[in-house]
Amino acid sequence: MITAAALRSAVHESFETVVSDLVELVSIPSVSASSHDQAQVRRSAEHVADLLRGAGLDAEVLSVEGADGLMGRPAVLAHREGAAGAPRVLLYAHHDVQPVGDPSAWAQADPFAAERRGERLFGRGAADDGAGVVTHVHALRALAALADDGLPCSVTVFIEGEEEVGSPSFEAFLAAHRDRLAADVIVVADSSNWKVGVPALTTSLRGVVQVDVRLDVLDHALHSGQYGGPVLDAVTSMCRLVATLHDERGDVAVPGLVSRPQAAPDFPDYPEDAFRADAGLLEGVELVGSGDLTARLWTKPTLTVIGMDVTPLELAGNVLAPACTARLSMRIAPGQDPQAALEALRSHLEAHAPFGARLTVAQGEVGPAFDGSSDSPAGRAAHWALTTAFGQDCVDIGQGGSIPFISTLQETFPDAQVLVTGIEDPDTRAHSEDESMHLGDLERIVIGEALLLARLGGAIDGPQDAESAGAQR
């Protein structure tokens with residue numbers, strides 16, 4: 001039998017290798033957005049495959065054609081067989097990253113040159129999801145080093161290369177490699193812990209609906225002095241339309257959307273002062289919306305303008321803009337059908353187009369929410385493993401962000417138990433400038449995943465019902 005103390009010691013002794021592997025992964029600018037060099041995404045995939053081979057797995061880089069007819073970004077698929085009858089575990093992470101944003105807003109000169117400052121490692125992808133990748137690699141390395149007869153589970157690792165652009169070939173990849181990906185337990189290492197030092201399982205995620213909304217009011221630009229007054233420019237018209245999306249309290253005002261004003265009773269409380277500090281809210285700025293704070297974050301819909309085509313100040317002239325396009329991102333509550341939410345939003349926009357402005361709505365990303373539970377054998381094993389690794393009770397939380405493919409995994413493998421584990425923390429700033437990973441938590445996360453795999457395979461003592469998580473197949 002493997003002991004928790006032995007796993008903890010093995011990870012601690014090799015932790016500088018964990019950090020150096022993460023630093024090297026950050027150095028590859030694997031931005032999957034089509035405006036960036038996709039050769040770097042391929043380079044990242046090859047590097048991750050090498051890391052997994054070094055952990056004793058057979059690994060290859062694969063791509064499939066998506067529903068759009070385009071070849072998907074390269075993913076890594078790796079496997080190592082366990083003992084006969086051992087549970088099958090699928091470990092997921094992604095190796096692609098977001099663009100860096102404003103380079104001048106980073107404290108370091110190069111966001112892809114990781115910098116260690118205090119207890120954190122800064123760099124694009126250091127947390128989202130480079131930390132998830134190295135967690136899988138080094139949890140498996142630690143287990144392999146301690147196990148005389150191989151891994152306690154049959155493990156497949158799937159490292160996606162296009163999560164940050166909506167996973168366009170994800171469903172096709174599952175269909176093409178379904179037999180190889182089939183598992184009793186699926187561990188998705190791409191969410192957040194409650195706070196530094198407090199581990200969490202994510203049991204609720206909002207879905208996403210994204211649209212581009214265009215208003216046309218003129219067939220060409222006009223002199224604002226000569227024609228202004230009877231004609232309202234398209235930018236101001238767009239502002240009036242966007243203003244209808246929220247009521248006086250700041251709640252989303254689109255009829256027909258699912259909304260849960262109370263979060264799950266087992267979710268932790270989120271004090272307002274802690275939220276304001278985590279969010280970096282400026283003094284005097286009020287919170288908006290009604291209901292529990294965690295409900296506003298996790299189980300109620302939101303609507304955000306994430307982009308708008310407006311003349312920049314340096315190019316501004318005294319003209320009435322003939323057209324304006326805004327990109328709206330709506331996060332939908334668990335239990336909401338995404339297509340129904342899309343139609344509700346479209347109907348609202350059509351009903352509120354100001355002064356007869358010509359409205360066009362183009363559908364973007366649409367993804368379902370996730371409404372799960374940790375009340376399963378694998379969930380209880382994960383609670384034990386993370387509590388043991390962190391020395392703090394693991395909690396269940398929701399997330400306001402979206403990981404639509406989790407619902408796809410549930411539909412494809414309905415008998416699998418899906419666990420969404422934390423990598424980030426409130427200071428991570430994923431997708432923003434100065435993204436970072438807390439290294440103390442990274443060490444604990446690696447230990448926790450190694451403990452979980454050992455327990456699922458019956459190689460370590462833990463909660464009694466963990467054996468039914470697929471170990472006795």
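Me: Ser 436, buried or exposed?
Reply: Buried. In this predicted model, Ser 436 has a relative accessibility of 1%. The cut-off for buried is under 20%, so Ser 436 counts as buried.

Me: Which strand is Ser 436 in?
Reply: Ser 436 belongs to strand S18, residues 436-438.

Me: And what is Ser 436 in contact with, leaving aside neighbours within four places in sequence?
Reply: Arg 120, Leu 121, Phe 122, Ala 127, Asp 427 and Thr 428.

Me: How far is Ser 436 from Val 155 in space?
Reply: The C-alpha atoms are 28 Å apart. In sequence, 281 residues separate Ser 436 and Val 155.

Me: Switching to strand S17. How many of its residues are buried?
Reply: 8 of the 8, covering residues 417-424. Strand S17 is therefore largely enclosed by the rest of the structure.

Me: Which strand pairs with S17, and is it parallel or antiparallel?
Reply: Strand S7, residues 185-192, pairs with S17 in the parallel sense. There are 7 bridges between S7 and S17. In one of them, Ser 192 has Glu 424 of S17 as its bridge partner.

Me: What about Thr 421, where is it found?
Reply: In strand S17. Thr 421 is buried, at 11% relative accessible area. Leaving aside neighbours within four places in sequence, its contacts include Val 187, Val 188, Ala 189 and Asp 190. Ser 191, Ser 192, Ala 200 and Leu 201 are also in contact with Thr 421.

Me: Now the nonpolar core. Which residues touch the most other members of the largest one?
Reply: Leu 52, Val 76, Leu 140, Val 157 and Leu 442. That core holds 68 residues. Helix H14, residues 439-456, gives the most to this core, with 11 residues.

Me: What does Leu 52 touch, beyond residues up to four places away?
Reply: Its list is Leu 57, Ala 59, Val 76, Ala 78, Val 137, Val 157 and Ile 159.

Me: What's in the second core?
Reply: The second core is separate and has 27 residues. Among them are Val 235, Val 254, Ala 326 and Ala 357.

Me: Salt bridges next. How many?
Reply: The count is 19. One of them joins the side chains of Arg 141 and Asp 21, at 3.3 Å from N to O. Arg 141 sits in helix H4 and Asp 21 in helix H2, so this pair ties together parts 120 residues apart in sequence.

Me: Which residue does Arg 276 bridge to?
Reply: Glu 272, with the closest N and O atoms 3.8 Å apart. Both lie in helix H9, 4 residues apart, about one turn of the helix. Glu 272 is partly exposed, at 44% relative accessibility.

Me: And Arg 380, what does its side chain meet?
Reply: Asp 375, in a salt bridge of 2.4 Å from N to O. Arg 380 is partly exposed, at 32% relative accessible area, and Asp 375 is exposed, at 61%.

Me: Which residues are joined in a salt bridge network?
Reply: Asp 247, Arg 249, Asp 251 and Lys 300 form one network through shared partners.

Me: Last topic, the surface. Which residues form a nonpolar patch?
Reply: Leu 281, Leu 282 and Val 285. Together they have about 250 Å² of accessible area. Leu 282 lies in the loop between helices H9 and H10, and is exposed, at 62% relative accessible area.

Key. Residues are numbered from 1 along each chain as its sequence is written. This is a predicted model: local features need pLDDT of at least 70, side-chain atom pairs count only at pLDDT 80 or more; totals for chains, interfaces and linings use all residues. Side-chain values use heavy atoms; hydrogens and water are left out. Patches are made of residues with over 30% relative accessible area and no salt bridge: like charges are joined within 9 Å, nonpolar side chains (Val, Leu, Ile, Met, Phe, Trp, Tyr) within 5 Å. Accessible areas come from the Shrake-Rupley method with a 1.4 Å probe; for residues, only the protein chains shown count as cover. A salt bridge is a side-chain nitrogen of Lys or Arg within 4 Å of a carboxyl oxygen of Asp or Glu. Helices (H or I, at least four residues) and strands (E, at least two) are DSSP runs, numbered from the N terminus. Buried means under 20% relative accessible area, exposed over 50%, partly exposed in between (1.4 Å probe, protein chains only). Two strands pair if DSSP finds at least two bridges between them. A nonpolar core is a set of buried Ala, Val, Leu, Ile, Met, Phe, Trp, Tyr and Cys residues joined through side-chain atoms within 4.5 Å. Contact means heavy atoms within 4.5 Å.
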